[in-house]
Amino acid sequence: MELRTYQEKAINDLASSLGKGNKRVILQAATGSGKTVMASNIVKRAVDKGNKVLFLAHRRELISQCSDKLQKFGIEHGIIMAGETNCSWHKVQVASVDTLRSRVFQNKKMELPEADIIIIDECHRTLSATYRKIIAEYEGKMVLGLTATPCRSDGRGLGHVYQDMVSASNICHLTEDGYLVPVRYYAPTTPDLKGIKLVAGDYNQKQLAVKMDQPKLVGDVVTNWLKIAQGKPTVAFASSVAHSIHIMEQFQSVGIAAAHIDGKTSNDERDIILKKLSSGEITVLCNCLVLTEGWDCPTAQVCILARPTKSLGLYLQMVGRVLRPMENKEYAMLIDHSGAVYEHGFVDDEFEWDLNPKKKIQEAKRNSEKKERKPITCEKCFTVYSDARMCPNCGSIFIKKGRALIVGDGDLGEVDRKSRKAKNRVYTQEEKDEWYAMLKYHGDEKGYKDGWAYFKYKDKFGETPVGRVVHKKKPNKECKAWITYINIRNSKRRSA
């Protein structure tokens, strides 16, 4: 396997760090940079020199990925994991951390395999008790950590374990070089998270689930998806298993092929569902923290964040699932119902990773930038702006309120990377006429007054359909979803 230029450089930088006497080093490699390929190359070089290697991972998918890459490099290896045959004579062992904990420390059924080099995938988990215990058993040996996000859930560095860090290419450069696709950002809603406590640097999961798993919020997820991403392969991240199931059911209720997986989904069933997403049999796949790591699906184009997080690492991991390129995939889409893009920024921002356990990456990033006022989301058109009371897009005046803003209709402004403002979709006159025809059909079907379609058209497009002659047409899913959304909005305004 021929390495890319930045991969070769990263491996050389790693060798240089080890040459300086560092024994525990992180290889920070962004999503799509090929960290498993780099790791396999490192393993091959180590084996060629007579070294024994132990590769550690916490998920079956990660172990399978590593095994596949090692095979492509022609490296014989054993796998230590439930359901796998023991091949302890190989110099390279790929092991499940959970299996080692059970067999070595709890049940005393085996000894840790001999190793000169320990490689830890997703090493931002290294501070857990089991990892620390395993590392302690290999005192003095080389430890190489692999991760796209070298920080704890609270944003602090991993300096308690690692001595140095080497970085491969970042998301910005990978996108420029075509190894990843660019992202379009949409921020239709920002949840009210007041009162939710923080645990280990992130929101309390139980409290978050109660806050986010509300019928209206679940309905907003589907309604907004119908407006801007209808038909595109989508992965949705929910706040709990129940929340994920409810989002799936809401998609299914409007005729969208959707599925759900969680930690209790069997491996066989999970594989079947993931293949159906790749093949197009499923359009939306909902989950709760199952697909954040160890899963690549270039087909997936849309990421729905219905799970707020204070963790920059988790945010990057979730959005990273839809960045892989494939034929005819020009961009990825982030529909943010969590406020994460305002909390953490754009995924291709350049983050100042640091091993210092006393410093949070978010604080380092904020300190390196000019202070900006908190972004304002226009409640009428979803434009995101700052440093003004008037929305630059529609002229609405921002008024501070003691409660969450009512999110009004708009065509889900796409958040522009430079201006951080949302851009409304531009409709052709032909598309507007089609909408008018569908609104007239719906109004007649419901027995509304003659002017209903006229005013709804004006509500949507900001102009009147004077002089437009159209033949009534049955509303499509997008039109139905918009009408539902308008009804919800009007209901909220009446009760406000």
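Rings of Phe, Tyr and Trp (its six-membered ring) count as a pair if their centres lie within 6.5 Å. The legends below describe a predicted model.

**Figure 1. Aromatic pairing between Tyr-6 and Tyr-179.** Across the whole structure, a search finds twelve aromatic pairs. In one of these, the ring centres of Tyr-6 and Tyr-179 are 6.0 Å apart and the ring planes meet at 65°, so the arrangement is edge-to-face. Tyr-6 belongs to helix α1 (residues 5–19), while Tyr-179 lies in the loop between α6 (171–176) and β8 (183–186); the pair therefore ties together parts that are 173 residues apart in sequence. Tyr-6 is buried, at 15% relative accessibility, whereas Tyr-179 is partly exposed, at 30%. Tyr-179 also has a charged neighbour: Arg-4 lies over the face of its ring, 3.8 Å from the ring centre.

**Figure 2. The tilted pair of Phe-351 and Trp-353.** The centres of these two rings are separated by 5.9 Å, and their planes stand at 45°, so the pair is classed as tilted. Both residues are buried: Phe-351 has a relative accessible area of 13%, and Trp-353 has 18%.

**Figure 3. An aromatic cluster and a neighbouring lysine.** Six residues, Tyr-427, Trp-435, Tyr-436, Tyr-457, Phe-461 and Trp-482, form one aromatic cluster. Over the ring of Phe-461 sits the charged end of Lys-460, at 5.7 Å from the ring centre.

**Figure 4. The seven-stranded open sheet.** The strands are arranged in the order β3-β4-β2-β5-β6-β1-β7, with parallel pairing. At the edges stand β3 (78–80) and β7 (164–167); each has a single partner strand, so one side of each is left without a neighbour in the sheet. From one strand to the next, the twist averages 20°.

Figure 5. Strands β1 (residues 24–28) and β6 (residues 142–147) are joined in the parallel sense by five bridges. Within this pairing, Ile-26 has Gly-145 of β6 as its bridge partner. Helix α4 (residues 97–106) lies across β2 (53–57), β3 and β4 (92–96), and runs at about 90° to β4.

**Figure 6. Confidence along the chain and at residues 401–412.** The protein chain has an average pLDDT of 86, and 85% of the residues score at least 70. Over residues 401–412, pLDDT stays under 50, although the model has 50 contacts for this segment beyond four places in sequence. Where pLDDT is low, predicted coordinates should not be read in detail.

Terms used
Residues numbered from 1 in each chain as written. Predicted model: local features only at pLDDT ≥ 70, side-chain atom pairs only at ≥ 80, totals over all residues. Heavy atoms only, no water. Phe/Tyr/Trp six-rings, centres within 6.5 Å; stacked < 30°, edge-to-face > 60°. Helix = DSSP H or I, 4+ residues; strand = E, 2+ residues; numbered from the N terminus. Buried < 20%, exposed > 50% of the residue type's maximum accessible area, 1.4 Å probe, protein only. Lys NZ or Arg CZ within 6 Å of the ring centre and 35° of its normal. pLDDT = per-residue confidence, 0-100. Contact = heavy atoms within 4.5 Å. Pairing = 2+ DSSP bridges. Axes fitted to C-alpha atoms, helices over the stretch in contact; angles between N-to-C directions.
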